[in-house]
Amino acid sequence: MTPVRVLAVASEVYPIVKTGGLADVAGALPLALKAHGVEMRTLMPGYPDVMRLVSGAEEVWRWPDYFGGPGRLLAGSHDGLELFVLDVPHLYARPGNPYVTNDGVDWPDNGVRFAALSRVAADIGHGLVPAFVPDVVHAHDWQAGLAPAYLHYDGRPRPATVITIHNMAYQGKFASELIGSIGLPWSSYDVSGLEYFGGISFLKAGLQFADRITTVSPTYAHEIQSDEGGMGFGGLLRARSHVLSGILNGIDTEVWNPQTDPHIAYRFGTDDLTFRAANKAVLQQQFNLDSSDEAPLLGVISRLSWQKGLDLLLEAIPTILAEGMQLALLGSGERDLQERYQAAARANPGRIGVVIGYDEILAHLIQAGSDALIVPSRFEPCGLTQLCALRYGAVPIVSRVGGLEDTIVDVGEARRDATGFKFGPVTAEALAWTLRKANTAFHSKAAWRRLQLNGLATDVSWRNRAGDYAALYRGLMASRPV
Ligand code: ADP
Ligand code: GLC
């Protein structure tokens with residue numbers, strides 16, 4: 001196996017900084033790639049949490065003035081991850097969420113913050129750190145989207161480039177004037193460059209200039225080539241479909257292991273699923289739900305945004321109540337949804353339990369204790385919670401989109417390896433109908449157990465999926481661009 005060196009560029013990396021699935025992927029993929037002969041180092045911004053957690057950080061570069069203030073590039077590690085940290089205090093030394101202020105609005109200088117990240121990625125690509133000269137630069141999402149563009153416009157020999165789209169809805173859109181202050185030529189302000197509806201888009205930059213584009217499931221790779229799913233980039237992606245592919249995400253099966261999970265009340269394996277009942281009892285307590293083993297407990301762990309379709313689940317609450325089911329929802333996001341869920345919990349004590357916030361420990365308990373996990377997304381590039389659910393014996397009930405389509409086998413397909421329930425179109429009616437169907441299955445114990453065991457037998461790890469990335473990198477090296 002030819003060794004390959006890859007520089008990953010990500011704005012969040014689990015377990016250091018996480019707002020969603022991107023961090024999970026950026027944190028797990030490098031570890032899984034080791035077995036495939038890929039040495040991956042990840043470049044991320046030096047937010048306060050990063051500066052605190054990264055150990056052995058050694059300065060490998062220093063700039064007296066980097067995008068308006070002093071900056072340093074550090075090399076260090078955390079929890080088995082090899083990292084480059086861009087320590088530029090005037091851009092990143094801000095506590096809290098990496099993208100927004102405490103009031104939930106985007107930092108006004110996000111364009112410069114993430115241009116700075118991509119600029120150094122390109123420089124590392126050109127050999128800034130002689131000890132690590134990458135064969136491939138792998139950018140994740142819009143925050144790293146300028147890296148392939150800088151490498152392109154630098155006009156020098158360069159490593160191969162890959163961009164992975166985790167979500168088409170986040171496009172990194174800024175005013176065109178930004179070009180003047182981030183070191184790109186004005187010629188890049190062109191429809192064949194960064195120009196996007198009169199402004200610029202960092203995601204477009206990545207999609208335009210990366211040698212390969214991947215997204216996180218085959219079905220989403222297909223959906224984003226349509227005008228609707230492409231959210232403005234359908235045409236571009238159709239034109240570049242020969243370099244676009246979908247590689248499913250996995251999950252870190254050490255972090256998500258019901259046999260060793262320190263966050264759940266009772267650990268269990270395939271042979272002792274009965275311990276799930278004990279976790280269910282604890283979960284009911286924590287969400288102020290009536291204690292009952294017979295009532296099917298539906299779990300949700302999610303950002304509360306339009307994408308996730310949780311307004312549809314609100315509409316299905318009468319069905320949940322009529323069917324004698326319970327709901328435990330953990331989520332945070334749009335204020336309106338938060339308030340509507342809190343109101344639903346107040347109106348239905350013992351039946352609907354809601355925790356607004358971000359809580360890793362509770363997320364594990366929901367996977368271990370709920371009977372079914374609901375993901376009613378309008379679109380879902382991959383989705384990770386349904387994969388965790390499979391591993392924990394919670395039966396997924398998901399909409400028929402993106403990675404949900406690819407990772408769950410619907411009972412309706414009359415296959416012996418069915419793992420859950422899929423519904424479409426993505427409407428409240430279709431969801432309610434499927435909840436009723438799931439309730440019937442729940443009360444037929446053998447059928448439900450079959451679904452759980454099929455889920456537990458599903459490979460949700462990164463092992464094979466990392467192999468697909470390794471093959472992609474090797475293919476690129478074989479046809480090395482200049
Ligand atoms: P997305 O990245 O679109 O939010 P994913 O399903 O890919 O969706 O990943 C979400 C990740 O974030 C999962 O690891 C999930 O467990 C976690 N998560 C989402 N919301 C919460 C929350 N409120 N508390 C704890 N973990 C959460
Ligand atoms: C995004 C998507 C989600 C995906 C995650 C990791 O946040 O919304 O579907 O699982 O990225 O790729």
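The legends below describe close-up views of a predicted model.

**View 1. The largest nonpolar core has 74 residues.** Within this core, Leu43, Leu86, Leu146 and Leu207 touch the most other members. Helix 4 (residues 110–125) supplies the largest share, 9 residues. A second, separate core holds 37 residues, among them Leu313, Tyr341, Ala345 and Leu431.

**View 2. Leu86 and its contacts beyond four places in sequence.**

**View 3. An open sheet of 3 strands in the order 8-10-9.** The pairing is antiparallel. Strand 8 (173–174) and strand 9 (195–196) stand at the edges with a single partner strand each, so one side of each has no neighbour in the sheet. Strand 9 is joined to strand 10 (residues 199–201) by 2 bridges. Glu195 stands opposite Ile200 in strand 10.

**View 4. Helix 6 (residues 202–209) lies across the sheet strands.** The helix lies across strand 8, strand 9 and strand 10. Helix 6 runs at about 60 degrees to strand 10.

**View 5. Cys382 and Cys388, two buried cysteines.** The relative accessible area of Cys382 is 2%, and that of Cys388 is 4%. The cysteine sulfur closest to that of Cys382 belongs to Cys388 and is 10 Å away, which is too far for a bond. Cys388 is in no disulfide. The count of disulfides comes to 0.

Technical notes: Residues are numbered from 1 along each chain as its sequence is written. Chains are lettered from A and ligands numbered from 1 in the order in which they are written. This is a predicted model: local features need pLDDT of at least 70, side-chain atom pairs count only at pLDDT 80 or more; totals for chains, interfaces and linings use all residues. Side-chain values use heavy atoms; hydrogens and water are left out. A nonpolar core is a set of buried Ala, Val, Leu, Ile, Met, Phe, Trp, Tyr and Cys residues joined through side-chain atoms within 4.5 Å. Buried means under 20% relative accessible area, exposed over 50%, partly exposed in between (1.4 Å probe, protein chains only). Helices (H or I, at least four residues) and strands (E, at least two) are DSSP runs, numbered from the N terminus. Contact means heavy atoms within 4.5 Å. Two strands pair if DSSP finds at least two bridges between them. Axes are lines fitted to C-alpha atoms, for helices over the stretch in contact, and angles run from 0 to 180 degrees between N-to-C directions. A disulfide is a pair of cysteine sulfur atoms within 2.5 Å.
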